[in-house]
Amino acid sequence: MTKNKIEFKIWTIYFATIFFSVYVHEFGHCIPAWIHGYWAVPTPAKEYISNAVSMDMKQNISLGGIIGSILVLLIVVFLYLINKTYRFNSAILAGAIVTPGMYTFRFLLIGRGHDATEFQEAQSALGFRYSGHSLDWIFLILFVSGIVIWIIKSKPNYKIIGKLSIGFVLTLIFVIGLQVINNAIFDPIFLAK
Ligand SMILES: [Zn+2]
């Protein structure tokens, strides 16, 4: 492969991993609803769930997405650690830490990793304090651990900083764009229901 082709493949795999991990999060939200017979549809960046669910169910639905996010990350980190040959594993690891990274950013900037009350409800479902920050801290620790594992295993040099900065900006655009497009397409279909 030429250098450009490799570069292109790295970015494609990176963004595909973000897309996949966000979808697993939304899918995770829907599982408790489906188990209890409620209507629920996971779309790439948002879950649509029947309004008929109880408060208790809402907590489990919130938790389902959080478990999805954590599972994706743990599986990717595990594969990253045991793999020795796959040349794109850093791109996959980078894609998988984007969700915890976004939560951490929001936590540090505005004090809460997730919008609305998703973290609070998931914390209640886990037996943590509703208004506490346990999930904010868990995602911060996961995010930092992912970075530390990457640094130890890949031993990047300073030259990567330029690429990381571009990656950061593109990631913001990608994640925000994904949500805007997703909601523009699916809100009219599913919120009317
Ligand atoms: Zn969610």
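**Pockets and helix packing**

The largest pocket has a volume of about 1,200 Å³. Bear in mind throughout that this is a predicted model. Lining that pocket are 40 residues, and those closest to its centre are Ala 45, Glu 47, His 114, Asp 115 and Glu 118.

Which elements supply at least two residues each of the lining of the largest pocket? They are helix H1 (3-35), strand S2 (46-49), helix H2 (55-82), H4, helix H5 (118-126) and helix H7 (160-190). H4 gives the most, with eight residues. Sorted by class, the lining of the largest pocket holds 20 nonpolar, eleven polar and nine charged residues.

Now the second largest pocket, with about 1,000 Å³ of space. Here 33 residues form the lining, and Tyr 14, Ala 94, Trp 150, Ile 160 and Leu 164 are the closest to the centre. H1, helix H3 (89-96), H4, H6 and H7 are the elements that give two or more residues to this lining. By class, the lining of the second largest pocket has 20 nonpolar, seven polar and six charged residues.

On to the helices. Two packed helices are described by the angle between their axes and the distance between the axes.

I start with H4, which covers residues 98-110, and H6, which covers residues 134-154. Their axes come within 8 Å and cross at roughly 125°. The crossing of H4 past H6 is left-handed. On the H4 side, the contact is made by Pro 100, Gly 101, Tyr 103, Thr 104, Phe 107 and Leu 108. On the H6 side, Asp 136, Trp 137, Phe 139, Leu 140 and Phe 143 take part. That contact has eight nonpolar, two polar and one charged residues.

Next, H1 and H3. These two pack at an angle of about 35°, and their axes are 8 Å apart. The crossing is right-handed. H1 brings Ile 10, Ile 13, Tyr 14, Thr 17, Ile 18 and Ser 21 to the contact, and H3 brings Ala 91, Ile 92, Ala 94, Gly 95 and Ala 96. By class, the residues of the contact of H1 with H3 divide into eight nonpolar, three polar and no charged.

The last pair is H2 and H3. How are H2 and H3 oriented to each other, roughly parallel or roughly antiparallel? Their axes come within 9 Å and cross at roughly 160°. Angles over 145 degrees count as roughly antiparallel, and H2 and H3 are therefore roughly antiparallel to each other. H2 passes H3 in a left-handed crossing. From H2, the contact uses Leu 73, Val 76, Val 77 and Tyr 80. From H3, it uses Asn 89, Ser 90, Ile 92, Leu 93 and Ala 96. The contact of H2 with H3 has seven nonpolar, two polar and no charged residues.

As for H3, Ile 92 and Ala 96 are in the contact with H1, and Ile 92 and Ala 96 are also in the contact with H2. That is where I stop.

Conventions:
Residues numbered from 1 in each chain as written. Predicted model: local features only at pLDDT ≥ 70, side-chain atom pairs only at ≥ 80, totals over all residues. Heavy atoms only, no water. Axes fitted to C-alpha atoms, helices over the stretch in contact; angles between N-to-C directions. Helix = DSSP H or I, 4+ residues; strand = E, 2+ residues; numbered from the N terminus. Left-handed = near helix turned anticlockwise from the far one by under 90°. Contact = heavy atoms within 4.5 Å. Nonpolar A, V, L, I, M, F, W, Y, C, P; charged D, E, K, R; others polar. 1 Å grid on protein atoms, 1.4 Å probe; cavity = no way out; pocket = protein on both sides within 12 Å on 5 of 7 lines; lining within 4 Å. Points joined across faces, edges and corners; volume = space filled by probe spheres on them. Parallel < 35°, antiparallel > 145°, perpendicular 65-115°, else oblique.
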